[in-house]
Amino acid sequence: MSPGPDTMILNAIERRNLPALFAALPLLRDLDADYLQQIRTEIEWFSLPGGAVLYEAGQPADGLYVVVNGGLGVYVKRPDGGSHCVAQVPAGEPVGEMEMLSGSKRSATVLAQRDTEVARLSPATFERLVHDNPQFMRMLTGVLATRLERLWRPEALPQKVSRVLAVVPSGAGVDGAAFGSQLVSSLQQSGRVELVLKERGNEQTSQWFHRLERANDVVIYVTDPAPSNWTKLCLRQADTLVALACHDELARPFLALERGVASGAGVPADLVLLHRTAARATPAGRWLDLHPFRRHHHVRGAADIARVGRLLLGRATGLVLSGGGARGFAHIGVLRALLEAKVPIDTVGGSSIGSIIGAGWAAGWDYAEMVRRVRRAFVDSAPLNDYTVPVISLLAGRKVGRLLRQEFGDANIEDLRLPFFCVSANLTTGQAAVHRRGQLWLWLRASIAIPGILPPVCAQRQVYVDGATINSLPVDVMRETLSGTVIGVDVGSDRGFETDIDGTEVPALWRIPAWRRAQRKPINIMQILLRAGVINSTASTVGHRELTDLLLKPPLEKVDMLDWHAFDRAVEIGYRHAAEGIERYLARGRAAPATGTRPA
């Protein structure tokens with residue numbers, strides 16, 4: 001198409017520079033120099049500001065486009081309305097080749113994800129290239145094959161990670177430059193990082209930004225709090241926006257992120273809350289209600305800034321802890337092994353008992369505190385003994401709820417030190433429910449509500465039970481927001497229990513004592529309900545193991561899922577198994593991200 005109203009023809013690109021530009025484009029650089037000289041005047045060069053539309057779905061194909069610098073996003077409509085990005089087109093790659101080859105209309109809408117320069121080959125020029133140059137057609141075929149592989153085997157290709165960040169302060173009292181400098185310091189050991197402030201970059205051209213970003217592994221821009229021209233330019237350049245606020249201030253909208261200021265090209269935004277004082281802070285939920293942030297982070301010191309950098313740039317480590325009843329105590333031993341190996345855990349998720357252990361870690365409990373609190377809640381207190389009339393469950397659940405409130409208080413999930421989620425099963429919808437916000441003790445209670453043993457949690461006309469009934473090892477949930485390394489700990493997949501009972505009926509009431517005494521391997525209703533509650537997630541757990549980079553499966557077949565007094569033994573088993581597995585993993589020197597590793 002011809003450039004639209006918001007598209008500028010770049011007169012600054014002189015004809016004498018075209019050979020150098022051709023050489024940067026894989027589609028053209030292998031063509032004969034004389035042939036390139038013949039078609040040079042047929043190639044149209046123009047720029048798109050970030051957020052501008054190159055073409056829309058349903059339009060006739062009007063040529064082949066090649067990204068000179070910048071980047072494009074390919075968007076398709078969702079069945080429920082709106083659109084989502086299905087692919088990115090970086091510098092040097094073409095877009096629109098499928099419709100040119102098939103003669104069909106555009107199948108998707110293409111937007112500039114940042115200020116982008118594009119070369120357009122008209123249909124006539126495209127036809128000539130295909131007819132006269134077989135190598136051009138081979139190049140297009142290779143592009144199509146790569147894109148098909150991305151569709152069919154997305155796990156085989158590296159995930160897109162951020163390289164260009166824009167730090168957006170919430171107001172004049174928030175020092176974005178200082179935070180940017182600290183972030184640069186934390187990232188410099190991993191590559192070349194550059195911080196760009198307004199004084200340096202405000203009057204530069206798009207080519208200057210392109211060269212800067214090509215020369216560095218990471219570029220960090222710091223915007224004005226207000227929607228100035230510099231702010232708009234930074235937002236157009238960025239892969240990720242970092243909304244920066246102080247946790248002790250009243251929540252207020254980010255003017256730079258309001259509609260009409262940001263590019264609208266679907267750039268993700270993370271919220272960073274700086275903790276400057278120990279005074280009572282504004283709940284994170286009030287900030288999260290202001291904008292659809294992808295994630296949020298609490299920063300209290302240098303270690304937190306390093307963690308934010310790892311999460312933003314796809315170098316973080318996420319830990320996922322499974323369900324498994326009393327076997328879940330092994331998670332505590334795994335945490336000890338990770339500490340001793342100096343493996344930083346940047347985000348945590350869990351299901352059932354794994355959600356409780358993970359929440360404690362995300363809350364900032366150290367190893368000794370974890371042991372003390374979990375022992376107090378599950379071993380010393382015997383939480384599963386408040387029996388009631390079995391209308392909806394064997395237990396009343398009051399004791400479990402009281403213990404959870406005792407250990408976690410009134411904290412909300414979004415106010416934990418580390419990013420955290422837990423999983424429950426929504427019986428109303430028949431789907432897994434992921435909890436990233438809300439009252440922590442309540443959703444932990446939902447995540448461990450074993451059907452038939454504990455009452456379900458009922459909230460907003462929905463019914464929630466143990467997350468392990470649907471997703472005992474929610475690595476898939478972690479992968480949705482994390483580009484990096486995922487460690488999964490599966491403590492619930494070992495054989496549950498067996499018995500020497502033969503028969504299909506329980507004897508008459510007066511014969512039950514003798515019947516029980518005759519059994520060498522008795523079973524009870526609690527064991528049956530617990531095992532039945534998690535068995536449906538077995539198939540999904542097998543698939544989710546393949547999504548881990550390091551899978552730990554402590555040998556817990558001799559620990560019964562209801563043997564709460566096996567605390568010390570389970571912790572030790574988890575520690576020894578994890579220590580050996582982590583040592584082997586680190587010795588292999590495997591770099592994140594990778595998928596499909598075998599159990600350690």
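The model is predicted.

**Stop 1: the second largest cavity**

The model has three cavities of 30 Å³ or more. Go to the second largest cavity, which has a volume of about 100 Å³. Select I356, A377, F378, L404 and E407; of the 13 residues in the lining, these are the closest to the centre of the cavity. Then colour the lining by class: eleven residues are nonpolar, none is polar and two are charged.

Next, show helix 15 (367–380) and helix 16 (398–408), each of which supplies at least two residues of this lining. Which helix gives the most to the lining? Helix 16 does, with five residues.

**Stop 2: helix 16 against helix 17**

To see the contact, select V400, G401, L404, R405 and F408 in helix 16, then L440, W441, L444 and R445 in helix 17. By class, this contact has six nonpolar, one polar and two charged residues.

**Stop 3: helix 7 against helix 12**

Now select helix 7 (residues 176–187) and helix 12 (residues 302–312). The axes of helix 7 and helix 12 come within 9 Å and cross at roughly 75 degrees. That angle lies in the range of 65 to 115 degrees, so helix 7 and helix 12 are roughly perpendicular to each other.

On helix 7, show F179, Q182, L183, S186 and L187; on helix 12, show I305, A306, G309 and L312. These residues make the contact. Six of the residues in the contact of helix 7 with helix 12 are nonpolar, three are polar and none is charged.

**Stop 4: helix 13 against helix 22**

For the last stop, select helix 13 (residues 330–340) and helix 22 (residues 567–588). At what angle do helix 13 and helix 22 pack? The angle is about 40 degrees, and the axes are 6 Å apart. An angle under 35 degrees would count as roughly parallel; helix 13 and helix 22 are therefore oblique to each other. Helix 13 passes helix 22 in a right-handed crossing.

On the helix 13 side, display A330, I332, G333, V334, R336, A337, L338 and E340. On the helix 22 side, display F567, A570, V571, E572, G574, Y575, A578, A579 and I582. Coloured by class, the contact of helix 13 with helix 22 shows twelve nonpolar, two polar and three charged residues.

How values were computed. Residues numbered from 1 in each chain as written. Predicted model: local features only at pLDDT ≥ 70, side-chain atom pairs only at ≥ 80, totals over all residues. Heavy atoms only, no water. 1 Å grid on protein atoms, 1.4 Å probe; cavity = no way out; pocket = protein on both sides within 12 Å on 5 of 7 lines; lining within 4 Å. Points joined across faces, edges and corners; volume = space filled by probe spheres on them. Helix = DSSP H or I, 4+ residues; strand = E, 2+ residues; numbered from the N terminus. Nonpolar A, V, L, I, M, F, W, Y, C, P; charged D, E, K, R; others polar. Contact = heavy atoms within 4.5 Å. Axes fitted to C-alpha atoms, helices over the stretch in contact; angles between N-to-C directions. Parallel < 35°, antiparallel > 145°, perpendicular 65-115°, else oblique. Left-handed = near helix turned anticlockwise from the far one by under 90°.
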